[in-house]
Amino acid sequence: MPFLDALMDIADEDGDGNLTRDEQVRWSGALMGLPEADAREVFGRLDRDADALISRDDMLQAIREFYFNEEPASSGVWLLGPLDPA
């Protein structure tokens, strides 16, 4: 949780507790070097309720799925961007 809180505090530029698409694109590009098109795809996958925001709960769910869910369609698969098939 401390990592998630720190990430959200840094990336959430307007301080509303959620990440907009632009905030998601900015932090994932800066931190992980994710291309904008991939970051936009990640946003769509993590925004589970399609409200155009990623909440702490959305992000926490994706982190949990990244580590504990082997389902290929889970949002956790997209947490760090698309998987490289090579």
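Predicted model: local features only at pLDDT ≥ 70, side-chain atom pairs only at ≥ 80, totals over all residues.
**Exercise 1.** What covers the buried residues of helix 3?

Residues are numbered from 1 along each chain as its sequence is written, and side-chain values use heavy atoms, with hydrogens and water left out.

*Solution.* 
- Step 1. Helix 3 spans 36–46.
- Step 2. List its buried residues (under 20% relative accessible area; exposed is over 50%, partly exposed in between; 1.4 Å probe, protein chains only). They are Ala 39, Val 42, Phe 43 and Leu 46.
- Step 3. Locate them around the axis. They cover an arc of only 105°, so they sit on the same side of helix 3. The arc is taken from the directions between the helix axis and the C-beta atoms.
- Step 4. Find the cover by contact (heavy atoms within 4.5 Å). It includes strand 1 (18–19), helix 2, strand 2 and helix 4.

**Exercise 2.** Which members of the largest nonpolar core touch the most other members?

*Solution.* 
- Step 1. Define the set: buried Ala, Val, Leu, Ile, Met, Phe, Trp, Tyr and Cys residues joined through side-chain atoms within 4.5 Å.
- Step 2. Leu 19, Trp 27, Leu 46, Ile 54 and Met 59 touch the most other members. Helix 1 (2–11), helix 2 (21–32), helix 3 and helix 4 (56–68) each supply at least two core residues.
- Step 3. Inspect Leu 46. Leaving out residues up to four places away in sequence, Leu 46 touches Ile 54, Asp 58, Met 59, Ala 62, Ser 75 and Leu 79.

**Exercise 3.** Is Ala 50 buried or exposed?

*Solution.* 
- Step 1. Check the backbone. Phi of Ala 50 is near 55°, a positive value in a residue other than glycine.
- Step 2. Read the area. Ala 50 has a relative accessible area of 65%, so it is exposed.
- Step 3. Turn to Ala 52, in the loop between helix 3 and strand 2. Its phi is near 70°, also positive without being glycine. Ala 52 has 47% relative accessibility and therefore counts as partly exposed.

How values were computed:
Helix = DSSP H or I, 4+ residues; strand = E, 2+ residues; numbered from the N terminus.
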